[in-house]
Amino acid sequence: MESTAKPKVAVHKFSSCDGCQLAFLNLGAALMQVAELVDFTHFAEAGPLAPDAAVDIAFVEGSIATPDDLQRIARVREQSRFLVTIGACATAGGVQALRNLANAGEWIAGVYARPEHIHSLDRSTPIAEHVKVDLELWGCPVNGRQVLGALRALLFGVMPAQENDKVCMECKRRQTVCVMVTRGRACMGPVTRTGCGALCPSFGRDCYACYGPAENPNTAALARRFEGLGLVPEAVARRFLFINNGAPAFRDAGLKSGERHDG
Ligand code: SF4
Ligand code: SF4
């Protein structure tokens, strides 16, 4: 008899803002079609709750930032055939990884009236630092088109191709006029991976690198260009130490510019 069992899919949340799960929900009618083809066993934001069920594909949002996160991610990995991280938090530690560059205890004491009730780790780290990850989808938030494409490919037993080239390339393909050349904006597009369709430059805004580092990012050259545009070293450092501050290429470039400021 032909098996009627649908593939099982889970969407897990770790330390995050839930924005990447919303990329699923914002798929609207397409999500309803997906729900006819797969069983969403665990997706707290949409309803189903079964965090420990075995699944074919687990999508993971958020970074590892609490002792509970550490234990849960090991269980999710054990119960999942494919594990896909979605968003900057899961792939690089998120904006909350800024704590890695400071004394986390001092920050907590400065923010909370009763810091003894806060149970967080000193560092916020990407999922891949703790368990094997089969595919990383970047972005803050990740975009629904990528999520759907990855899901479709994995259901057909194919590993999706990674989009590694730069936002600049996407601007050229869309014939979007360069905001750095024409408006003098400190755009991170030359070092940022595409996947968003060069969204910000298409509205005349500079890219702030929410998709993380592209392949072979020449961060030193871009930092010099930013200084040429009039940014002081501290401002250059802030361009790199933002949403994807935990990605090594951006962290190193940011710290280097910061040293020039301190020096
Ligand atoms: S990557 Fe951005 S949108 Fe996604 S959970 Fe983290 S902060 Fe939210
Ligand atoms: S242009 Fe840059 S900041 Fe804007 S959505 Fe794309 S990657 Fe993110």
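The residues around ligand 1 are Ser 16, Cys 17, Gly 19, Cys 20, Glu 61, Gly 87, Ala 88, Cys 89, Gly 139, Cys 140 and Pro 141. Two elements, α1 (19-25) and α4 (88-92), each give two or more residues to this shell. The model is a predicted one.

- Sorted by class, the shell around ligand 1 comprises six nonpolar residues, four polar residues and one charged residue.

**Surroundings of ligand 2**

- Ligand 2 is surrounded by Thr 192, Cys 196, Leu 199, Cys 200, Pro 201, Cys 207, Tyr 208, Ala 209, Cys 210 and Tyr 211.
- This shell divides into nine nonpolar residues, one polar residue and no charged residues.

**A salt bridge between a loop and a helix**

- The structure holds 15 salt bridges.
- One of them joins Asp 206 to Arg 239, with the closest N and O atoms 2.9 Å apart.
- Asp 206 lies in the loop between α9 (199-202) and α10 (219-228), while Arg 239 belongs to helix α11 (residues 233-240), so the pair ties together parts that are 33 residues apart in sequence.
- Asp 206 has a relative accessibility of 15% and therefore counts as buried, the cut-off being under 20%.

**Salt bridges with partly exposed partners**

- The side chains of Glu 129 and Arg 123 meet in a salt bridge, with an N to O distance of 3.3 Å.
- Glu 129 is partly exposed, at a relative accessible area of 46%, and Arg 123 is also partly exposed, at 43%.
- Another salt bridge links Arg 251 with Asp 252, where the closest N and O atoms are 3.6 Å apart.
- Arg 251 counts as partly exposed at 30% relative accessibility, and Asp 252 is partly exposed with a relative accessible area of 45%.

**A network of salt bridges**

- Asp 68, Asp 69 and Arg 72 are linked to one another in a network of salt bridges.

Technical notes:
Residues numbered from 1 in each chain as written. Chains lettered and ligands numbered in written order. Predicted model: local features only at pLDDT ≥ 70, side-chain atom pairs only at ≥ 80, totals over all residues. Heavy atoms only, no water. Near = heavy atom within 4 Å. Helix = DSSP H or I, 4+ residues; strand = E, 2+ residues; numbered from the N terminus. Nonpolar A, V, L, I, M, F, W, Y, C, P; charged D, E, K, R; others polar. Salt bridge = Lys/Arg side-chain N within 4 Å of Asp/Glu carboxyl O. Buried < 20%, exposed > 50% of the residue type's maximum accessible area, 1.4 Å probe, protein only.
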